[in-house]
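Biologist: Hi! Could you walk me through the inside of this one?
Modeller: Happy to, here it comes.

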Amino acid sequence: MPARDYDAIVVGASFGGLAVARRLRGEVLLLDRNEVGSVQTSACGTPLWVPETLGVSASVLQVHDRLVIRTPTRTVRYDLSTVPFCTFDYRAFCEGLLAQCRVRFLRTSVAGIQDGAVVTGEGRFTAPVIVDCSGWRRAITGGADLGPGGRDHSFGLETYTALRDEGLTFLLDRRLIPQGLGWIFPVGTGSLIGLGSYVGRSRLRPALERLLREHGTSPGSYHGTYFPNRLQRPTVGRVFAVGDAAGQCLPLTAEGIRPALFFGGECGRIVQQILDGAVSLEAGLEAYRRLVSRYRRPYRVLRLAQWMATHTPTRWFAMVTQLAATRPLLPRWWPRYGWFGRPGRSGVPAAT
């Protein structure tokens, strides 16, 4: 089948791909193997300003102004009121972003790139600009290596339950899960409860079922995925990479939504400059690499904190989390973390 030409091709139609696509004008093809918003692999928690700024506030299910961290020996409470978080409906959020895009969406599998063309189940497509937002599988930039890269990937498994709660909760208990954490994210009528392994262990269902029994609730359907915990290359050859395809999920907190939206929006801005003829493809790739490199130090700080959570005694790490919740430390680092990615703010994605 002969290839069809586009101005740009975006592979992956979740947070990163939609953030790129909504910034583009012209003949743009958006590809995904699933319908937009149909396959949720995230707990869907982010600062409230994110859906408000993106025009998808209708997707918000519950607003949270506090965070609780529970360990076997202590409970630490964080005041998030300066930058409140929210949980949101994944489908409504993604469909709201798609409605802002002027692209052709095609549901099809993507096999990779060959002779400059994106090979899909519906044929071959070409474009001078290609952006890989396909997640940890890296359909375009990963080549034949589709597996998670050892210590560079974590794994999370969660389920929807009828448990009602008022605030976000993280669980640090090695009796529950060694080298990982648990979470309870209220979503209005219930809660998403899950476990994450920092070392990529995927057999988490028995431990998660024990956690559900302890809280007197039963599971709905399960969903899980790998996610990176180390920055990877933001460009591969002449291809841009965004979100989990570039390892932009934050270590320690495993927050991947906001980085995907932020770097996706910035990548989309650069790609549009290329399409407008304002910069060359090579200059655009270099500009995107420089942008991502500015955040390597904060990512290293969070990765060090993840190493501490993984390898130090829980009581030691609990002491650090309690110290971070006190004044004057909390007002110094929380707004910097919470405002990361917001237009007009200078926050960085790290607790510094």
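Modeller: First a definition: a cavity is a set of points, on a 1 Å grid over the protein atoms alone, where a 1.4 Å probe fits but cannot get out. Grid points are joined across faces, edges and corners, and a volume is the space filled by probe spheres set on the points. This is a predicted model, where local features need pLDDT of at least 70, side-chain atom pairs count only at pLDDT 80 or more, and totals for chains, interfaces and linings use all residues. Residues are numbered from 1 along each chain as its sequence is written, and side-chain values use heavy atoms, with hydrogens and water left out.

Biologist: How many cavities of 30 Å³ or more turn up?
Modeller: The search of the whole structure finds one. The volume of the largest cavity is about 70 Å³.

Biologist: And which residues line the largest cavity?
Modeller: Its lining, meaning residues with an atom within 4 Å of a point, consists of L172, D173, R174, I177, Q179, G180, A309, T312, T314 and F317.

Biologist: Switching to T310, is it buried or exposed?
Modeller: T310 is buried, at a relative accessible area of 6%; buried means under 20% with a 1.4 Å probe, protein chains only.

Biologist: What does T310 touch?
Modeller: Setting aside residues up to four places away in sequence, T310 touches R174, Q179, Y198 and V199, where contact means heavy atoms within 4.5 Å.

Methods:
1 Å grid on protein atoms, 1.4 Å probe; cavity = no way out; pocket = protein on both sides within 12 Å on 5 of 7 lines; lining within 4 Å. Buried < 20%, exposed > 50% of the residue type's maximum accessible area, 1.4 Å probe, protein only.
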